[in-house]
Amino acid sequence: MSLTERIIRIIEVHGPISVAQFMSIALHDPMHGYYARRDPIGSSGDFTTAPEISQIFGELLGAWMLQVWREQDAPSPARLVELGPGHGTLMADVLRMAKLDPEFLSSIQITLVETSPRLRKAQAEKLKDAPVTVYWAERFDDTLTDRPLFLLANEFFDALPIRQFVQTEYGWCERMVGLDRERNLAFALAPSSRALDIPAGCGKPRAGDIYEASPISEAITGQIAAVIARHGGAALIVDYGYGANSGFGETLQAVAGHKFASVLQNPGEADLSSHVDFAALARTAENAGAKTYGPVAQGALLGELGIDIRAERLASANPEQADNIAAAVKRLRSPEQMGTLFKALAILPKGAARPPGFQ
């Protein structure tokens, strides 16, 4: 039975499902879900992430982690965690930088949070020569909350399920996935409205406006921030999304083969994602007792961390790659590419020094 047919059967038996439920099934079904069956990253996949574009990205994030660890008096033991580590490229680049500080390496335990067996295999291969033992976990849970936490999340939160609500004459009605008369998947609205706690900065909604929320994103952020507030550490979240309150509008999208696709057609065959509401994550982290910085544009952050100097040195050592290095830096920093749409949010304990790159 195809995943489409399975979802149709679920709807026929139980009624329409939320957008969040649809995303969870389409992405994480153990047999036919997107991440169970595909390697999504790279030219042969459906999208390319910053660590795959240039090693400089991961090296700078590694240097960022080393500095905030030092500024918090080099806690030991500590834990270095990456959420959604892709091919393991970012962690490999972070560890290349971390080798400059043997004390850091001897103080941390590395855990990669990954649900995809296919990607876990790729990560294990990439990190087979890592200078420290690498552990895996399927989710961020209580086993990762007992010591100072230094956490990276690059393009992780955009793939977490969202709920969508539509402003109607009756109030906010949740957008659901149901069936049309031909038994095809189709969007519909829940028959009853509900009250929503809309941030004041979003403005006044008009009929037809869509509001997106990601309770699971906020729950994970709150858990991470609570650990950092209690034990120390830092989190650096890099993703595409909104810097201020997200306002109203739909950002849910499907991508297959580096092209946009239909969200409801062929679930499990395309990556589903939405823009990250950084303001919501920051509010959640602050409410959990931590201090947040940003979000700042990715291009600005990388500039403050010295991407141009690092690129010059790398090009000098590898002159045959100079053009490729320059192109990669432009892609990461340019406002027309990833420099503005992608943003970074830092979470630290109250009283910790302001992290590098966040003015």
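Okay, let's start with helix α6, residues 89-98, which is mostly covered: nine of its ten residues are buried. By buried I mean under 20% relative accessible area, with exposed over 50% and partly exposed in between, using a 1.4 Å probe and protein chains only. The buried ones in α6 are Thr89, Leu90, Met91, Ala92, Asp93, Val94, Leu95, Met97 and Ala98. Helices here are DSSP runs of H or I, at least four residues, and strands are runs of E, at least two, numbered from the N terminus.

Quick housekeeping. This is a predicted model, where local features need pLDDT of at least 70 and side-chain atom pairs count only at pLDDT 80 or more, while totals for chains, interfaces and linings use all residues. Residues are numbered from 1 along each chain as its sequence is written, and side-chain values use heavy atoms, with hydrogens and water left out.

Now the whole chain. There are 13 helices and 16 strands, and 56% of the 359 residues are buried. The C-alpha atoms fill a box of roughly 60 × 40 × 40 Å along the principal axes. If you take contacts, meaning heavy atoms within 4.5 Å, between residues at least 6 apart in sequence, 77% of them join residues at least 24 apart.

Most residues other than glycine have a negative phi, and most peptide bonds are trans. Here, though, serine 76 and proline 77 are joined by a cis peptide bond, omega about 0 degrees, and proline 77 lies in the loop between α5 (55-71) and β2 (78-83). That loop also holds aspartate 73, with a positive phi of about 65 degrees. Aspartate 73 counts as exposed because its relative accessibility is 71%.

Glutamate 155 has a positive phi too, about 50 degrees, and sits in the loop between β5 (149-154) and β6. Buried or exposed? Glutamate 155 is at 16% relative accessibility, so it counts as buried. There's also a cis bond between glycine 294 and proline 295, omega about 10 degrees, with proline 295 in strand β15, residues 290-297.

Last, the second largest pocket. A pocket is an open set of points on a 1 Å grid over the protein atoms alone, where a 1.4 Å probe fits, with protein on both sides within 12 Å along at least five of seven lines; lining residues have an atom within 4 Å of a point. This pocket has 33 lining residues, with Tyr211, Glu212, Ala213, Ser214 and Glu218 nearest its centre. Which helix gives the most to the lining? That's α10, with five residues.
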